[in-house]
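Visitor: Could you walk me through this structure, one question at a time?

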Amino acid sequence: MLKNVLLVCAAAVWSASVVVAQQSSVASVPALAPAAEWATHAQNRYQVAANITYLTATGYESKLDVYRRRDVTTPQPTMVFYHGGGWVGGTKESSFMSVMPWLEMGWNVVNVEYRMAQVAIAPAAAEDALCALRWVVNNAKTYNIDTSRIVVSGESAGGHLALMAGMAPVETGLTNLCSGGGFNGYENSVPKVAAIINWYGITDLTDMVSGGAKRSYAVQWVGADHNRDAVAKAMSPMTYVRAGLPPVLSIQGDADPIVPYAQNVKLHEALTKAGVANELFTIPAGGHGNFKADERTKAYVKIREFLGKYKLTGTT
């Protein structure tokens with residue numbers, strides 16, 4: 001009997017020591033640095049819906065990826081991103097690192113691909129940009145998107161497409177391919193965005209097709225049709241500067257060899273004259289993207305300040 005009691009006591013002591021050891025082990029795990037903690041928990045915060053077809057045109061399925069918050073139930077601010085590549089290259093996948101800061105800020109992100117010049121020349125990419133925006137608005141309830149807090153952004157050719165998505169009026173007909181209404185009606189509205197973040201985007205295509213800043217990628221996208229100057233003008237954000245546009249933040253290096261810095265100076269001046277809230281954030285001696293770490297930090301400090309000014313903040 002005594003032997004059994006001693007065995008029970010010994011087992012209890014051993015069990016208690018194991019629990020204490022486990023608790024001690026858990027307590028001894030060092031805390032993660034904030035950046036590491038965010039990266040570790042990103043999977044808990046975001047759900048990814050990849051390669052969703054938002055438009056089929058000219059035999060090509062244009063796709064997008066949605067990164068949506070899974071840890072909240074209210075509609076969230078959403079950034080729609082267009083990759084760069086001169087309308088002749090680039091992919092949404094290769095641009096993922098460009099959208100990561102927005103995920104860290106707590107935003108939903110929609111990462112968009114579009115038709116390259118090899119598939120369809122202008123205005124195809126611009127049509128896709130606006131149709132992707134319409135898709136986002138039409139599917140807002142499914143992906144928990146706050147349609148009053150949509151920001152469009154992009155780099156280089158993607159910056160141009162973000163400007164077109166946020167500035168082109170319905171009269172351009174760029175949403176005709178994705179119009180609604182079925183057989184009994186017609187609806188091709190252009191959604192209004194809350195702001196535009198333009199990273200060194202093309203603003204005046206006419207100058208890059210037949211002017212002093214001629215570039216091969218722009219010529220390839222516009223094509224060789226006899227009315228290419230008219231197409232270039234129709235595809236230039238400068239053409240659509242007017243009062244009532246959403247706030248615009250442009251970011252560019254003043255030594256950019258691919259998209260002349262003067263393009264965004266010109267846009268800044270025109271928007272200011274039209275009474276549109278806008279800023280041009282210049283990276284001194286900066287090239288065409290590929291900014292240094294401290295330059296990117298300064299750019300994102302400016303972006304956060306700009307978004308905060310217009311009450312466009314994510315859920316952290």
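Guide: Happy to. One term before we start: buried means under 20% relative accessible area, and exposed means over 50%. Also keep in mind that this is a predicted model.

Visitor: Okay, let's begin with helix 11. Which residues of helix 11 are buried?

Guide: Helix 11 runs over residues 293-309 and has 17 residues. With the under 20% cut-off for buried in mind, here is the list. The buried ones in helix 11 are Glu 295, Ala 299, Tyr 300, Lys 302, Ile 303, Phe 306 and Leu 307.

Visitor: How many degrees around the axis do those residues of helix 11 cover?

Guide: Start with a handy rule: an α-helix has 3.6 residues a turn, so residues three or four places apart point the same way. Now look at the buried set in helix 11, which includes Ala 299, Ile 303 and Phe 306. They sit on the same side of helix 11, because they cover an arc of only 155 degrees.

Visitor: And which residues are exposed on the other side of helix 11?

Guide: For exposed, the cut-off is over 50% relative accessible area. On the other side of helix 11, the exposed residues are Ala 293 and Lys 298.

Visitor: What covers the buried residues of helix 11?

Guide: A helix and several strands are part of the cover. Helix 3 (96-104) is one of the covering elements. The cover also includes strand 5 (145-155), strand 6 (195-199), strand 7 (248-253) and strand 8 (278-283).

Visitor: Is helix 3 parallel or oblique to helix 11?

Guide: Two packed helices are described by the angle between their axes and the distance between the axes. For helix 3 and helix 11, the axes are 12 Å apart and the angle is about 45 degrees. That angle makes helix 3 oblique to helix 11.

Visitor: Which residues in helix 11 does helix 3 meet?

Guide: The crossing of these two, helix 3 and helix 11, is right-handed. From helix 3, the residues taking part are Ser 98, Pro 101, Trp 102 and Glu 104. In helix 11, they meet Tyr 300, Ile 303, Arg 304 and Leu 307.

Visitor: Let's go to strand 7. Which residues does Val 248 touch?

Guide: Val 248 is in strand 7, and it counts as buried because its relative accessibility is 1%. Not counting residues up to four places away in sequence, Val 248 touches Leu 163, Ile 196, Leu 271, Ala 277, Asn 278, Glu 279 and Phe 306.

Visitor: What about strand 5: is Ser 153 buried or exposed?

Guide: Ser 153 is in strand 5. Leaving out residues up to four places away in sequence, Ser 153 touches Met 79, Val 80, Phe 81, Tyr 82, Gly 158, Ala 162, Ile 197 and Trp 199. With a relative accessibility of 1%, Ser 153 counts as buried.

Visitor: Now helix 4. How many of the 15 residues of helix 4 are buried?

Guide: Helix 4 covers residues 124-138 and reaches 21 Å from its first C-alpha to its last, close to the 21 Å expected. It is largely enclosed by the rest of the structure, because the buried residues number 13 of the 15.

Visitor: At what angle do helix 4 and helix 6 cross?

Guide: Helix 6 is made of residues 157-167, and its axis comes within 9 Å of the axis of helix 4. The two axes cross at roughly 60 degrees. That makes helix 4 oblique to helix 6, and the contact is made by Ala 125, Ala 126, Ala 129, Leu 130 and Leu 133 of helix 4 with Leu 161, Met 164 and Ala 165 of helix 6. So the helices are oblique, and the angle you asked for is roughly 60 degrees.

Visitor: Which residue does a cis peptide bond join to Ala 122?

Guide: Look at the loop between strand 4 (108-112) and helix 4. The cis bond there has an omega of about 10 degrees. The partner of Ala 122 is Pro 123.

Visitor: Last one: Thr 58 and Tyr 200 both have a positive phi. Which loop is Tyr 200 found in?

Guide: Thr 58 has a phi of about 50 degrees, and it is exposed, with a relative accessible area of 52%. Tyr 200 has a phi of about 40 degrees, but at 7% relative accessibility it counts as buried. Tyr 200 is found in the loop between strand 6 and helix 7 (205-209).

Methods: Residues numbered from 1 in each chain as written. Predicted model: local features only at pLDDT ≥ 70, side-chain atom pairs only at ≥ 80, totals over all residues. Heavy atoms only, no water. Helix = DSSP H or I, 4+ residues; strand = E, 2+ residues; numbered from the N terminus. Expected span 1.5 Å × (residues − 1). Buried < 20%, exposed > 50% of the residue type's maximum accessible area, 1.4 Å probe, protein only. Arc of directions from axis to C-beta. Contact = heavy atoms within 4.5 Å. Axes fitted to C-alpha atoms, helices over the stretch in contact; angles between N-to-C directions. Parallel < 35°, antiparallel > 145°, perpendicular 65-115°, else oblique. Left-handed = near helix turned anticlockwise from the far one by under 90°.
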